[in-house]
Amino acid sequence: MSGTEALAAHALPPLADLLGLWLAAFLTLAIYSFLYGDNPVYKFAEHLFVGVSAGYGVVIVYYESVIKDMIDPLLRPERAGLDHPNYWVILPVLLGLMILARFWRRYDWLSRWPIAFVMGLGAGASIPSTVQAYLIVQLRETIRPLWAPEAGQSLAAAAWSSFGNILLAGGLLCTLSYFYFSREQKGVLKVASRVGMWFLMVAFGAGFGNTVMARMSLLIGRVEFLRYEWWPTVGPVLRAIWQFFAGHSS
Amino acid sequence: MRIDRRLIYLAIAAVVAAPFVFNWTLPLGSASPRTRAIYRHIEALPPRSAIMICFDYGPASMPELHPMGIALARHAFSRKLRVIGLTLGPEGLIMAQNALSAAAKDYGAREGEDWVNLGYKPGFISVILGMGTDIPKVFRTDHRGVPIAELRAMEGIRTYADLGLVVELTASPAINDWVVFAQSRFHAKLAGGVTAVMATDMYPYLQAGQLIGLLNGLKGAAEYEALIRHPGLASLGMTSQSFAHVAILAFVVLGNIGYFATRRRRR
C-alpha cells in the first residue's frame with residue numbers, strides 16, 4: 001500500500017492539505033514553546049513567519065499594484081477594463097521612481113518632490129475631514145442637554161437617559177481638569193481632578209479587560225484549530241503510517 | 001512568595017482547552033445593543049441591496065475577526081443581499097475570499113452574481129477617498145481580473161451612497177480612516193468589527209453616531225452568530241473565554257492576597 005493509498009483508506013484530506021495542517025500545528029506548538037523558554041524551535045518558527053510574511057507581501061503588492069495599477073493600464077488596457085491605454089499612469093510612476101533617486105547623492109533632491117506631493121495630498125485630504133470627525137462631531141455630541149426627556153418617555157426612562165448625559169458631561173469636565181496644570185490643584189479643582197482620575201481608571205480598566213479578552217481569543221483560536229482540525233487527523237495518520245511500514249516489511 | 005510563571009501558563013492553557021476537550025458549553029447571554037444595531041440595520045435593507053465588508057486583517061487576528069466576516073456575509077446572503085468584499089492590506093485578500101466563499105456555500109450565493117471580492121488595493125486613504133466618488137474607477141476588476149462592468153454583484157454601485165452598509169473589520173487603527181474619510185466626508189453608513197484590544201477606542205464614534213454599531217472581538221462575533229442563529233467558531237470559543245476570565249480573576253485575587261500577606265509579614 002502506497003502512502004497516498006494509506007491516507008485515502010482513512011478518509012484523510014489530500015496529502016498537500018494534510019502536510020499544511022501538520023505544519024501549521026507544528027508551528028503553533030513551536031511558537032507557544034517560547035512560554036517555557038527561548039529555544040531553537042521557537043526561533044525557527046519566528047524567522048519562518050517573518051520571512052513568509054515579507055515574501056507574501058511582496059508577491060501580493062507586485063501583482064495587485066505593479067501589475068494591476070501600472071503594467072495593465074499602460075500595456076494591457078483590456079485586462080484593466082479600459083478601452084485604450086491610460087497614459088496618466090506615467091505621472092505617478094515617475095513620481096514613484098523619483099523616490100529612488102535618494103540612492104544617488106547627486107540626484108537625491110529629486111526624491112523631495114514625490115515626498116512633498118504625498119505630504120501635501122495627505123495634509124489637504126486629512127485636515128478638514130479630521131477636524132470634522134474628531135473635533136466638530138465629537139464636541140457636538142458631547143454638548144447635550146442635561147435633562148433630556150423624549151416625547152412619550154416615562155419619568156424613569158427620561159431620568160436614565162439624562163443620567164447618561166450628565167455622566168458624559170461630568171466625566172469630560174473632571175477628566176479635563178485632571179490635565180489642567182496652570183493652577184495648583186486644590187479646592188474644587190482638586191476634587192474634580194480626583195473624580196477625573198477615577199474616570200480615567202475606569203477607562204483603563206475597561207481597556208485592560210478587553211485586552212485580556214483579545215489575548216485569550218488568540219489562544220482560543222489556536223486551541224480550536226488544534227482540537228477540531230489537527231487532532232482528528234492524528235489517529236488516522238498514525239494508523240496510515242503504521243500500515244505503510246507494516247505493508248513494506250511484510 | 002513566587003510562583004513559576006509557567007505554572008500560570010499551564011493553568012490558563014488547561015482552562016482554555018478543557019471546554020473543547022470535554023464539550024462543555026455555557027449559555028451566551030443576550031447580544032449587546034452595539035451588535036444588535038448592525039443586525040437590525042442589515043435586517044432592514046431591501047433584497048439586492050449591497051453591503052461592503054472590508055477585510056483589513058491577517059491570520060494573526062483571525063480568531064476574533066474572521067467569524068465576524070463569515071457571520072455578516074451569512075446574514076447578508078440569507079437576506080438576499082449582495083456582498084462586496086475588499087481589503088486595503090495584502091493579508092486580507094485570502095481572508096476575504098475564504099470568509100465570503102465559506103458563507104456563500106451555505107446559501108448558494110454565486111461569485112460575481114451575489115458577491116464579489118474586489119481584492120487588495122494599496123494606497124489606503126486614497127482608496128477610501130476614491131471610492132467616495134467612483135468605486136468602479138478605483139477597482140476596475142475583481143480579484144480574478146473580471147471587469148467590474150461584467151459583474152452583476154456590482155450593478156448600480158458607484159459610491160458609498162449606493163451601499164446599504166460598509167463594515168470595516170480590522171485589528172489596526174485603520175477604522176479611524178474609515179470614520180474620517182468614508183463616514184465624515186461621504187456620510188457612508190459605517191459599522192466596525194474590531195479586536196477587543198481596540199474596542200474601547202471605538203466608543204466615542206458610537207456615542208457620536210459615526211459608527212452605527214460595533215462587533216467587539218470574539219464576544220461580538222459570537223453575539224452575531226447567535227443573532228443569525230448560526231453558531232460557529234466564535235460561539236464555541238466563548239465558553240473557554242468565560243473560563244479563562246474566571247481563572248484570571250482568581251489569579252488577581254490570589255496575587256492580592258499574596259501581596260497583602262507578605263506585606264503584613266514584612267511589618
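## A contact and one residue that makes several

Two residues are in contact if their C-beta atoms, placed from the backbone, lie within 7 Å. On that basis, and leaving out residues up to four places away in sequence, Ile53(B) touches Gly69(B), Leu72(B), Ala73(B), Val83(B), Gly85(B), Val167(B) and Leu169(B).

## What you're looking at

This is a predicted model, where local features need pLDDT of at least 70, side-chain atom pairs count only at pLDDT 80 or more, and totals for chains, interfaces and linings use all residues. Residues are numbered from 1 along each chain as its sequence is written, while chains are lettered from A and ligands numbered from 1 in the order in which they are written.

The model scores ipTM 0.89 and pTM 0.88. Chain B averages a pLDDT (the predictor's confidence in each residue, from 0 to 100) of 93.

Chain A has seven helices and zero strands, counting DSSP runs of H or I of at least four residues as helices and of E of at least two as strands, numbered from the N terminus. Its radius of gyration, taken over C-alpha atoms, is 31 Å, well over the 18 Å that the globule rule gives for 250 residues, so chain A is more spread out than a compact globule. That rule is 2.2 Å times the number of residues to the power 0.38. The C-alpha trace of chain A spans about 90 × 55 × 45 Å along its principal axes.

## Where the chains meet

Chain B puts 46 residues into the contact and chain A puts in 36. On the chain B side, α10(B) gives the largest share, seven residues.
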